[in-house]
Amino acid sequence: MRRTYLVAATVLGLLCGLAIFLPLRMGLAVAGQETGGAVYGRVWDGQIFNAVIAGRPVAHLRVAVSPLPLVTGRLVTHVRATDPDVNGQAWVEQSLSGGLSLRDARLVLAPRQISGALESLFSPDDVVSVRLDALRMTGDDCVSATGEARTDAVYNLGQRANLNLPSLSGPIRCSDGAVHVTLNGQAPDATVEVDLRVSDMTQGWSVTIETTSSDLSSLLVSSGFTQDGQRWTLNGSEALP
């Protein structure tokens, strides 16, 4: 029995050693992950420049694969992204069965990463902070998610326009196979709700603002909102790249 344990430990050590020294480009190919860009280093400490993730360009990724889970058919990777539009880190796990999960994700996004249609309302310095404790995908469907998003972008818009507008926050969840985020906020000059849905092929948004401010109403007219009494709405969707 002891000999069996020694042989198993030796084989496990060899497999881990091979995994540690495997070139990152080869490791991505084995895992069926296509990121594009220039790939350097080993799986335990590699870098990808000008990658494309979920159809969106990312200037720099630092990737560190945990070798031991490879032996059981799981690819567990710590990813750190650095880009003008997205910064942050997460643990990503992919199984041989095709399941994909994220955990302990902390991201800072430019608002245009969520919707280019709303870009004219925001400053280049505005950000959306995302805390994603867990996200589990099966194929293209979101199965479960827990987390929160928040942004001061609308509040900052109010400061520039001499209006008292709210900061927004809300939960991240799964709904009908899509990732769903609802951000809410209330302030003296407006009540704001932003509903975002991201699926495999498209992302959609619905923005509802209730206000009696004529200054804010003028701003919303120029941004394409539709008025119904004190309620202003903007809906749209776009195909993911």
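**Salt bridges, a disulfide and a buried helix face**

Let me begin with R103, which forms a salt bridge with D104, the closest N and O atoms lying 3.6 Å apart, where a salt bridge is a side-chain nitrogen of Lys or Arg within 4 Å of a carboxyl oxygen of Asp or Glu. What you see is a predicted model, in which local features need pLDDT of at least 70 and side-chain atom pairs count only at pLDDT 80 or more, while totals for chains, interfaces and linings use all residues. Residues are numbered from 1 along each chain as its sequence is written, and side-chain values use heavy atoms, with hydrogens and water left out.

R103 is partly exposed at a relative accessible area of 37%, and D104 is likewise partly exposed, at 40%; here buried means under 20% relative accessible area, exposed means over 50%, and partly exposed is in between, with a 1.4 Å probe and protein chains only. By the rule I gave, the count comes to seven salt bridges. Another of them joins the side chains of E148 and R131, at 3.4 Å from N to O, and this pair links distant parts of the chain, since E148 sits in strand 8 and R131 in strand 7, 17 residues apart. Helices (H or I, at least four residues) and strands (E, at least two) are DSSP runs, numbered from the N terminus. The side chains of D152 and R150 also meet in a salt bridge, at 3.5 Å from N to O, and salt bridges that share partners join R106, R131, D133 and E148 into one network.

Let me turn to the strands. Strand 8 (residues 141–151) runs antiparallel to strand 9 (residues 168–175), and five bridges join them, pairing being assigned if DSSP finds at least two bridges between two strands. Within this pairing, G147 stands opposite I172 in strand 9. Strand 9 also pairs with strand 10 (residues 178–187), again in the antiparallel sense and over five bridges, with R173 opposite H180 in strand 10. The hairpin of strand 9 and strand 10 has two residues between the strands, and in it D176 takes a positive phi near 55°.

Where is the disulfide? C142 and C174 form it, with their sulfur atoms 1.8 Å apart, a disulfide being a pair of cysteine sulfur atoms within 2.5 Å. The pair links distant parts of the chain, C142 in strand 8 and C174 in strand 9, 32 residues apart. The torsion about the S-S bond of C142 and C174 is about -55°, so this disulfide is left-handed. C142 is buried, with a relative accessible area of 6%.

Next comes helix 4 (residues 153–160), where A153, V154, L157 and G158 are buried. Seen down the axis of helix 4, these buried residues fall within an arc of 145°, and they therefore line one face of the helix; the arc is that of the directions from the helix axis to the C-beta atoms. What covers them includes strand 8, strand 9, strand 11 (190–198) and helix 5 (214–222). After helix 4 comes N162, whose phi is positive, near 60°.

Finally, the largest nonpolar core has 42 residues, and I172, I209 and F225 have the most contacts inside it; such a core is a set of buried Ala, Val, Leu, Ile, Met, Phe, Trp, Tyr and Cys residues joined through side-chain atoms within 4.5 Å. Strand 7 (residues 128–138) supplies the largest share of this core, five residues. Leaving aside neighbours within four places in sequence, F225 is in contact (heavy atoms within 4.5 Å) with residues including L121, V207, I209 and W232.
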